[in-house]
Amino acid sequence: MLQSLLCRPLVCAPLAGSVVGQWTTGLAIGCLLELVWLLRLPVGATVAPDDTQVAIAGTLLYAGGLISFPLPEEAAVGFVALLCATVAGVGRHVEILVRQFNVRFSRRGLCSQGLAPRCHWCGAVAFVLGAWCSLLFCGLLIWLASFGLQWLLLLFPVPTWQGLPALLLLLAVVGLLPLLRIPHGRWLFFGSFLTTYVVAQVF
Amino acid sequence: MLSWRDLVRLAWRCLFVQMSWNFKGFQNLGRLWVLSPFLRRWHHDRMDLPFCSRYGSYFNTNVFLLPTVLAATLALEEKDREGQSVPLDGVAFGQAVMAPVAAVGDALFWGGLRPLIVLGAVVLAWFGYTWSPWLALLLFVLLTTYVRLYGVFKGYALGPQVVGLIQQFRLAGCAVVLKQMSLVVLGSFAALLADALVAEPAVALSGPLLVGLVAALTLAWGLCCCRRVVATVLLWWCAVAVAMATAML
């Protein structure tokens, strides 16, 4: 609905974080998740991973203190984003189910002119219910998976490197490199990379 | 004759066209819902089942250019109602233009404009401007609202000739330019991130960590060369590489 950027992780994660007074934590999670799916286009019948619900669920769980990792804040945020990115693939199946269910409303709505508006709004209700189901389901999965991750972090030495978010962002940026296929893409990317890097080193 | 209030109302209703999106007719019920108040005004004697079925046939196009298409459809319906000769009826016009408009619109808005705005917001957030999501939201909403309103007025005024107007704007070329701008931002951002990694005082980029990072980036590059690259896999691989490298230090 509305087709704005409200449903993007960059926006909805900080908003969810602000509910528990943690805008910047939500922003950090949102930035990481946003880059992961930046090139997933909602085109035709394709259903992208449910980035909205996982971003909200992950931010609420972490900022609300329901999940935690024995790590510095920056690294913990990176692992929350990793969990969210993994679970999002499951959430898309809920949306697929809703879209299949809406076929019934479409059929009924076309039977009579009077039924069309009612069936159209029923479709909206189905999407809202689906979003709530996806939010709860993804939240539960992230919560359960966090225990497994905590166990793994206890088994292996805890990485205390503060640069993890930067590295994760860099890798997420690498994931966007299919953009290079556009005309002059390689020249533009590497040109700006080298220029900025040299300027950053000099100044 | 539709007033400007009607056209604004049409643009407003187009915001909700996706609410009943389904795998069989895609935006079919949404289109019928958007158009029904206007069609009922002209065709109150024909709003029967076949008429609904015609407008309820398969339909799917870009949501930002949808008001333009539907306004042109209404212009055709109006002329038909007034007895003027029309080259094709509203439904046929929609069927003819929905795919090209979708291709151009999706490439421009979802593939070009959104990544550029969002990348800019992420870079601003990296520099500590925590209000950047609001800026991204505002920019995107303003631009798309302008396109919707401009499109709905032009679509109604020009009718099917609005397709020529869309061609004049060379939207596909604009999409490529926006993607190129995104790449420039992306390259600069990657350089800033790399600079931050090298400057990180907690650990030196040497020994096992360097090997791990080079391996991770090489694998990432290889995976990106494949079309079915999964960004999540890259992120997990990176996290594991970092954890292993840190453990080896």
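Helices (H or I, at least four residues) are DSSP runs numbered from the N terminus, and their axes are lines fitted to C-alpha atoms over the stretch in contact, with angles running from 0 to 180 degrees between N-to-C directions. The model is predicted, with local features requiring pLDDT of at least 70 and side-chain atom pairs counted only at pLDDT 80 or more. Residues are numbered from 1 along each chain as its sequence is written.

The contact (heavy atoms within 4.5 Å) involves Ala116(A), Pro117(A), Cys119(A), His120(A) and Trp121(A) of H5(A), together with Leu29(B), Gly30(B), Leu32(B) and Trp33(B) of H2(B). Seven of these residues are nonpolar, two are polar and none is charged, where Ala, Val, Leu, Ile, Met, Phe, Trp, Tyr, Cys and Pro count as nonpolar, Asp, Glu, Lys and Arg as charged, and the others, Gly among them, as polar.

Over all chains, the structure holds zero disulfides, a disulfide being a pair of cysteine sulfur atoms within 2.5 Å. Cys122(A) is in no disulfide, the nearest cysteine sulfur, that of Cys119(A), being 5.7 Å away. Cys122(A) is partly exposed, with a relative accessible area of 29% (buried means under 20%, exposed over 50%, partly exposed in between; 1.4 Å probe, protein chains only). For Cys133(A), the closest cysteine sulfur, in Cys138(A), lies 11 Å from its own sulfur, too far for a bond. Cys133(A) is likewise partly exposed, at 47% relative accessible area.

Terms used
Chains are lettered from A and ligands numbered from 1 in the order in which they are written. Side-chain values use heavy atoms; hydrogens and water are left out. Helices (H or I, at least four residues) and strands (E, at least two) are DSSP runs, numbered from the N terminus.
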